[in-house]
Amino acid sequence: MNFCKYLLIVVLSLLFVVSCKQKNSNDKGLKIDKELLDENLIKTNTDAVLLENKLIDDWIKRRGIPFEETPTGLRYIISGKGTGECAKPGQKVTISYRVELLTGKLIYTSEYSANKVFVIGKSDVENGLEEGIMMMKQGQSAVLIIPYYLAHGILGDFNEIPPQNSIIYKLELIKIE
């Protein structure tokens, strides 16, 4: 939560500073230096991603688990042989799952609700979940650490997942159709 407060303060401060800055112009009204605004927003986002990656790296280091990482920042471990080919966009998949925060708090689980069924690339699931599933075969299990920017973003899911929180999926790919 401290991270969220920090980021909110930084973003609001940057917006305040940029909005107060006027460009001398013959035009009436306030002119915003778009280049400065873009630079500040890029720096703020970059800093947020770096901080999030450090939190994830620290979590992994404390547990001593050998996670792999994709270029997008998804961390994963896939286990089991599985059958067939890896899942692809357009295929319907069924997974059993547990979703936790980095704090260990259980958020969602198929033990209390149904297994999740969706079509890869045509559904409303986390980008990081789809990315991880496309590396899996039917019958395999995985642990995915999905950074907030591949999960529910800076706003969270407006339910159980708070703003800017990475999530951990522990899942089994039950079926690929």
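Trp59 lies in helix α2, where helices (H or I, at least four residues) and strands (E, at least two) are DSSP runs numbered from the N terminus. The model is a predicted one, in which local features need pLDDT of at least 70 and side-chain atom pairs count only at pLDDT 80 or more, while totals for chains, interfaces and linings use all residues. Residues are numbered from 1 along each chain as its sequence is written, and side-chain values use heavy atoms, with hydrogens and water left out.

At 8% relative accessibility, Trp59 counts as buried, a term that means under 20% relative accessible area, with exposed meaning over 50% and partly exposed in between (1.4 Å probe, protein chains only). Leaving aside neighbours within four places in sequence, Trp59 is in contact with Phe67, Leu102, Ile145 and Ile168, contact being heavy atoms within 4.5 Å. The C-alpha atoms of Trp59 and Ile145 are separated by 10.0 Å, although these residues are 86 residues apart along the chain. The side chain of Trp59 also reaches the backbone oxygen of Leu102 at 3.2 Å, which is a polar contact (a pair of N or O atoms within 3.5 Å; within protein, one must be able to donate a hydrogen and the other to accept it, and residues adjacent in sequence count only if both atoms are side-chain atoms).

Helix α2 runs over residues 34–63, and its 30 residues at 1.5 Å a residue should span 44 Å, which agrees with the 44 Å between its end C-alpha atoms; the expected span is 1.5 Å times one less than the number of residues. The buried residues of α2 are Asn40, Thr44, Ala48, Glu52, Asn53, Ile56, Trp59 and Ile60. Just after α2, Gly64 takes a positive phi of about 65°.

## Overall fold

The protein has three helices and nine strands, which follow the pattern α-α-β-β-β-β-β-β-α-β-β-β when read along the sequence. Buried residues make up 34% of the 177 residues. Among contacts between residues at least 6 apart in sequence, 65% join residues at least 24 apart.

Apart from neighbours within four places in sequence, Leu171 is in contact with Ile95, Ser96, Tyr97, Leu129, Met136, Gln140, Ser141, Ala142 and Leu144.

The structure holds three aromatic pairs, where rings of Phe, Tyr and Trp (its six-membered ring) pair if their centres lie within 6.5 Å, and planes under 30 degrees apart count as stacked, over 60 as edge-to-face and the rest as tilted. One of them is the tilted pair of Tyr97 and Tyr169, at 6.3 Å centre to centre with 50° between the planes. This pair links distant parts of the chain, with Tyr97 in strand β4 (residues 92–101) and Tyr169 in strand β9 (residues 167–176), 72 residues apart. Tyr97 is buried, with a relative accessible area of 9%, and Tyr169 counts as buried at 1% relative accessibility. Another is the edge-to-face pair of Tyr148 and Tyr149, at 5.6 Å centre to centre with 80° between the planes; here Tyr148 is buried at 5%, whereas Tyr149 is partly exposed at 28%.

Thr109, in strand β5 (residues 106–109), is buried with a relative accessible area of 5%. A polar atom of the Thr109 side chain lies 3.3 Å from the backbone oxygen of Tyr97, and a polar atom of that side chain lies 3.1 Å from the backbone nitrogen of Glu111.

Most residues other than glycine have a negative phi. Phe158, in the loop between β8 and β9, has a positive phi near 60° and is exposed, with a relative accessible area of 70%. Gln164 is also found in the loop between β8 and β9 and has a positive phi near 50°, but Gln164 counts as buried at 6% relative accessibility.
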